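The exercises below are meant for someone who meets this structure for the first time. Please look at the sequence and the model, try each task, and then follow the worked solution.

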Amino acid sequence: MATFDGYGVGVGGPSLDLDLLPGSSSAMPNLPYEPIVISDMDKSLMTDIAANAMEELLRLLQTNEPLWYKSTTDGRDVLNLESYERIFPRANTHFKSPNVRIEASRDSGVVIMNGLSLVDMFMDSNKWVELFSTIVLMAKTIEVISSGMLGNHSGSLQLMYEELQVLSPLVSTREFYIIRYCQQIEQGLWAIVNVSYDFPQFASQCRSHRLPSGCLIQDMPNGYSKVTWVEHVEIEGKTPTHRLYRDLIHSGLAFGAERWHATLQRMCERFACLMVSGTLTRELGGVIPSPDGKRSMMKLAQRMVNNFCTRISTSNSHRWTTLSGLNEVGVRVTVHKSSDPGQPNGVVLSAATTFWLPVTPQNVFNFFKDERTRPQWDVLSNGNAVQEVAHIANGSHPGNCISVLRAFNTSQNNMLILQESCIDSSGSLVVYCPVDLPAINVAMSGEDPSYIPLLPSGFTISPDGHPDQGNGASTSSSAHGNMERSGGSLITVAFQILVSSLPSAKLNLESVTTINNLIGTTVQQIKVALNCPSS
C-alpha cells in the first residue's frame, strides 16, 4: 500500500508518441454515431420481421422435444438443428463463408424482480447496459419504430445497436443491429424478442447474426418472475478463436443463455439489496451510518465495475498492442486520454493478460476475495495485511459484496481500497480501486459519488469450458453449475495506471515497462500461492 504512487508512474524516461502504440487511436464503430435513415418501407419490413421472430421465439421458449433435448454430459438444453431447420426453413445461412457456426442455448429460473420492472429495464437501452454491464459493452436505441402501449410496453418495437463482450482482451466483441420487440401475451406474461436487421452498408462490420432470441417473463404471486431465455446466433468464424477460449465459446457458454440468466439473477438480487432500507449487520463498526450512505457506496462500486468491464474490452475503440514475454498470450496494453468527471484526468495506460490455471473457478475466486490472502498477490500492498472496515452484502451468495479495505503498517493512512466481488454460475469478478478517505466519507455520508475519480484494476474468472470429469452431470440452472463443473479457470488480470495528469503528455517507455512487470509479477505470485507450475 505504501507504493500507491505505483498507480501514477511515468515520470522520466524516453517518451513515446501515443500514435506509436499501434491502434491506440479512438476509432469508434461507425454506428450508432452515423445517422441511419429509416424509410417507411424499412419500418414495414421491420414490423413483419418482428412478428415472425416473435412467433419463432415463443415456440423455442415453450417447446421441448423435438426442438430441444438434454445434453447427457452436463444437462444443458441443446437445440436439435435438424428439427429446427425442418420447422423453421430458411433459404440459406446469413453468411456466405464456409466457416459459419451456430450457437444456441436455453435456460430458465426465478429472479427477484416483478415482470413489468424487468420489461421496463429491457426496453431502455441505458438500463439494459447497466443491468448487463459485464456482457453489454454498449447499447444504443437508434430509432423507436413503435412505442407500444403506455404502461406495459406491449407492441414496442425498436431498432438497436449493441456490442457484447467476454471479459478478456483475447475475445473479440460481437456487434449486432437488432430489432427488439415486446409483446404482452396475457396478464402477467411478456415476451421480448431480439433479431438481427441487416443494413447493407454495415454488412462487412458484423460477423455475428442474431436469429430470433430473447426471453419469456412470467409474473409470480410473490413479486418475483420466472424468466426463460433463448440465445441463438450465427457466427462467421473469419478469425480463429483463441485456443484458451475455444471450448468456452464454441460450447455456447461464453455468450449463451446461461450467462445472461445468471447475470440477471445476480443483478436483480443486487437491486433488491439496494432498495432494502436499514443498514446491514456486517457494516462493521457502524461505518456506513445510513441507507443513503449504503446506496451511495453501491452506486460508486457499480461505476467502478462498469469502468473496469469497459476498459478490458476488445471493442474497435480499444486497440490493444501486445508486449511479448509473459506467456504465449503476452501482455496487451492500450492507452486512452481520460477527461470523464468520474476518472482521473490525463493519460491512462491499461494492461491485461489472460492465463489458465488447473484450479476450479470457485477456488480461484475465494483466493482473490479473501483479505487474508491478499498480500500473496497484491504487489502494490508490499506484503502488508489488509483489514475489512466496511462490508455491504449484494446478494444471497456471500461472495457478492462490496468491501472497504484498509492496509496495516502503511504510511498512507488516508488511502483505502474499495472492492466489489461478484459471482454467479457463469463466472466471477473481483474489482478494486484505491480511494482516499475524504472521498469514501463523501460516499458514506450519502452524497452524490459520481465525481469521485476511479481507476479500477482487478480480475475476471471464468470456467475454461472443459467439464470436470469427476463432478458428473449437473443442470444448467444449478446455483453455480459451470463454476463447479469446470476443471480449470481462465483468469484475466488487468491494471490501469495514470501515466500523467496532463492530457497532452507523451507515453514513456518506463510506464509500459512498469505495468508489464506489475502484471508479470502478479501472475507469478498467483501461481505460486495456488501451487501451480510457473510455465
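**Exercise 1. Work out how helix 7 and helix 8 are oriented relative to each other.**

Solution. Helix 7 and helix 8 are roughly antiparallel to each other, because angles over 145 degrees count as roughly antiparallel, those under 35 as roughly parallel, those from 65 to 115 as roughly perpendicular and the rest as oblique. To check this, take the axes of helix 7 (residues 257–275) and helix 8 (residues 291–311), which cross at roughly 150 degrees and come within 9 Å. Such axes are lines fitted to C-alpha atoms, for helices over the stretch in contact, and the angles run from 0 to 180 degrees between N-to-C directions. Helices (H or I, at least four residues) and strands (E, at least two) are DSSP runs, numbered from the N terminus.

Before going on, note that this is a predicted model, in which local features need pLDDT of at least 70 and side-chain atom pairs count only at pLDDT 80 or more, whereas totals for chains, interfaces and linings use all residues. Residues are numbered from 1 along each chain as its sequence is written, and side-chain values use heavy atoms, with hydrogens and water left out.

The next step is to list the residues that meet, where contact means heavy atoms within 4.5 Å. Helix 7 contributes Met267, Arg270, Cys273, Leu274 and Met275, and these meet Lys294, Arg295, Met298, Ala301 and Gln302 in helix 8. Sorted by class, this contact has six nonpolar, one polar and three charged residues, where Ala, Val, Leu, Ile, Met, Phe, Trp, Tyr, Cys and Pro count as nonpolar, Asp, Glu, Lys and Arg as charged, and the others, Gly among them, as polar.

**Exercise 2. Describe how helix 8 packs with helix 10, and name the classes of residue in their contact.**

Solution. Begin with the geometry: helix 8 and helix 10 (residues 437–444) pack with their axes 7 Å apart, at an angle of about 125 degrees. That angle makes helix 8 oblique to helix 10. Then turn to the residues, where Gly293, Ser296, Met297 and Leu300 of helix 8 meet Ile440, Ala443 and Met444 of helix 10. This contact divides into five nonpolar and two polar residues, with no charged ones.

**Exercise 3. Is Ile402 buried or exposed, and which residues does it touch?**

Solution. First place the residue: Ile402 belongs to strand 16 (residues 401–407). With a relative accessible area of 1%, Ile402 is buried, a term that means under 20% relative accessible area, while exposed means over 50% and partly exposed lies in between (1.4 Å probe, protein chains only).

**Exercise 4. Which residues touch the most other members of the largest nonpolar core?**

Solution. A nonpolar core is a set of buried Ala, Val, Leu, Ile, Met, Phe, Trp, Tyr and Cys residues joined through side-chain atoms within 4.5 Å. The largest one has 77 residues, and Phe122, Phe132, Trp229 and Leu264 touch the most other members. Taking Leu264 as an example, and leaving aside residues up to four places away in sequence, its contacts include Val111, Leu118, Phe122 and Trp229. Apart from this core lies another, of 40 residues, with Val333, Phe355, Leu357 and Ile423 among them.
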